[in-house]
Amino acid sequence: MLVVRNLAVSFTQYEVGLKQRQLTVITQLDLEADAGEVVAVVGASGSGKSLLAHALLGILPPNAQVSGELVFKGQHLDPARIESLRGREIALIPQSVSYLDPLQRVGPQVQRAAQLSGAKPPAAKILQQQAFARYDLKARVGRLFPFQVSGGMARRVLLATATVGQAELIVADEPTPGLHPTVVVETLKHLRELADEGKAVILITHDIEAALQIADRVAVFYAGTTVEVAAAKDFDDPEGTNLRHPYTKALWQALPQNKFRPLAGTQPPPDNLPSGCLFADRCPLVIPECEAGRPILRSVRAGLVRCIRA
Amino acid sequence: MLKATDLSFRYAKDKPWVWRGVSLSVEPGEVVGLSGPSGLGKTTLAKILAGYLSYYTGQVTYDDKPLPKNGYCPVQLIFQHPELAVNPRWRISQVLYEGHTPDESLLKALGVSSGWLSRWPQELSGGELQRVAVARALGPQTRYLIADEMTTMLDANTQALIWQAVLGHAQRHNLGVLVVSHDAPLLKRLCQRVISLEAVMQ
């Protein structure tokens, strides 16, 4: 349903006075999501996870430039098409509950989302009530303002807003942090159900453990590149033997229930990217060839990896 | 020893108690976990232990003395959201050096880069800012550290990296650490014992 190929995002910044510079924050992102599938996107903060979501929805700040290829249902996604599709066929579950309108009661906000996706007001009202019932929100909650609902309820309102229309691609940007564990399980279950109904779900998260509960495939981002796309079942032993990229292995081994062994260092800053592999300075498997050029994303053991040593 | 005796807390006289009769203690050099579902008042308890709240009943003592009313508090709290725990109008250098000057080895262990010092807080990511907040709290007069969901919003690698540095520092300086978290595998990995707030409250 969605194909992202070689996506790059850069920002124009003012340095001194009127002198500008280009800061490339996403260099080579690749991702595919099909109907009926949950694809998790994991990686450290600053790896470009949220920017991908914002690029898909066309809500990047005005000083951003996007290049690469976005294809949705076989057709190229350009800014005009994104604008006509978002909220209708592509919906976002945003990261922060502050995305709700603070001055409007939550029921009408969900109803408005239904209207924007084409429903007439009476039908939209019914859709809103169905969405509330589905997410276990009582009818009286609809009359509350965002500041009057708890964090968990606000999350469910955001879920209702994104799913009240007929969107076929749902992009969920960190929908679970700060929620009670039982609510996390609920939220993830809802996302899985959406996929099982034939939608494509992209779940952006830093919590691999949560992602693995529902994802079919996991894409791992590092410093604005896709370093690996693996099946969820490849994450099965504490060593991560079936994983392909050394960063994926390190991330998996760092979990407290696995080895709790961190990898020293940080991602390279976007204004000082190395010319070779972006992970070379932290990689335990590095050889001189790694620094010669950026590795391409290639197919290894039914997965994708951007590493010449895999 | 950091000791809480018979603590009870409510927001106002006409409001119900959030919890009553909580007693716990942390020895120097000990790493203790505090778990419990969200909304139970874990952060409130953490704030009381670090001297941020004064309207409670019961006692908090540190080496048999009450917490100091002014000056450097020997019990330091690290908050879940670092972006809300730093002054947005101060550069990172001001934030970092407010209480003390952290030594190079600590900054290196935490991965605090010198390039961040001249930036503003909104120019760092959550993980980077949390490293600064941790370095700020580990002053020479800190005897106890309370980590309230310190690494919940971070990726696994950054989480392990920060904890490795904090535990190393705690061991060298014989600090007591209270780890507030609902992440059971993390508590199991870090702590010598885990207190369930549900079990100790009334």
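Visitor: Is B:Asn87 buried or exposed, and how many C-beta neighbours does it have inside 10 Å?

Guide: B:Asn87 counts as exposed, because it has 10 C-beta neighbours inside 10 Å. The cut-offs are 20 or more other C-beta atoms within 10 Å for buried, 12 or fewer for exposed, and anything in between for partly exposed, with C-beta atoms placed from the backbone. This is a predicted model, in which local features need pLDDT of at least 70 and side-chain atom pairs count only at pLDDT 80 or more, while totals for chains, interfaces and linings use all residues. Residues are numbered from 1 along each chain as its sequence is written, and chains are lettered from A and ligands numbered from 1 in the order in which they are written.

B:Asn87 sits in the loop that joins strand S6 (75-78) to helix H2 (92-96) of chain B. Helices (H or I, at least four residues) and strands (E, at least two) are DSSP runs, numbered from the N terminus. From B:Asn87 to B:Trp120 is 33 residues in sequence and 9.4 Å in space, C-alpha to C-alpha.

Chain B also touches chain A: 20 residues of chain A and 21 residues of chain B take part in the contact (C-beta atoms, placed from the backbone, within 7 Å). On the side of chain A, the residues divide into twelve nonpolar, seven polar and one charged. Nonpolar here covers Ala, Val, Leu, Ile, Met, Phe, Trp, Tyr, Cys and Pro; charged covers Asp, Glu, Lys and Arg; the others, Gly among them, are polar.

Within chain A, A:Thr12 belongs to strand S1 (residues 2-14). A:Thr12 counts as partly exposed because it has 13 C-beta neighbours inside 10 Å. Leaving aside residues up to four places away in sequence, A:Thr12 touches A:Gln20, A:Gln22 and A:Asn63. A:Ala64 is 52 residues from A:Thr12 in sequence but 6.5 Å from it in space, C-alpha to C-alpha.

Helix H4 (residues 121-134) of chain A buries A:Ala124, A:Leu127, A:Gln128, A:Ala131 and A:Phe132. These fall within an arc of 140° seen down the axis, so they line one face of H4(A); the arc is that of the directions from the helix axis to the C-beta atoms. Helix H3 (106-116) and H5 of chain A are among the elements covering them. The face turned away from the buried side carries the exposed residues A:Pro122, A:Ile126 and A:Ala133. After H4(A) comes A:Asp136, with a positive phi near 60°.

H5 (residues 151-163) packs with helix H6 (residues 181-196) of chain A at an angle of about 5°, their axes 11 Å apart. That angle makes H5(A) roughly parallel to H6(A). H5(A) contributes A:Gly152, A:Arg155, A:Leu159 and A:Thr163 to the contact, and H6(A) contributes A:Val183, A:Thr187, A:His190 and A:Leu194. Three of these residues are nonpolar, four polar and one charged.

In H6(A), the buried residues are A:Thr187, A:Leu188, A:His190, A:Leu191, A:Leu194 and A:Ala195. Their arc around the axis is only 150°, which puts them on the same side of H6(A). They pack against strand S3 (38-42), H5, strand S7 (169-173), strand S8 (200-204) and helix H7 (208-214) of chain A. A:Thr182, A:Lys189 and A:Asp196 are exposed on the face turned away from the buried side of H6(A). A:Gly198, with a positive phi near 105°, follows H6(A).

Two terms remain. Axes are lines fitted to C-alpha atoms, for helices over the stretch in contact, and angles run from 0 to 180 degrees between N-to-C directions. Angles under 35 degrees count as roughly parallel, over 145 as roughly antiparallel, 65 to 115 as roughly perpendicular and the rest as oblique.

How values were computed:
Contact = placed C-beta atoms within 7 Å.
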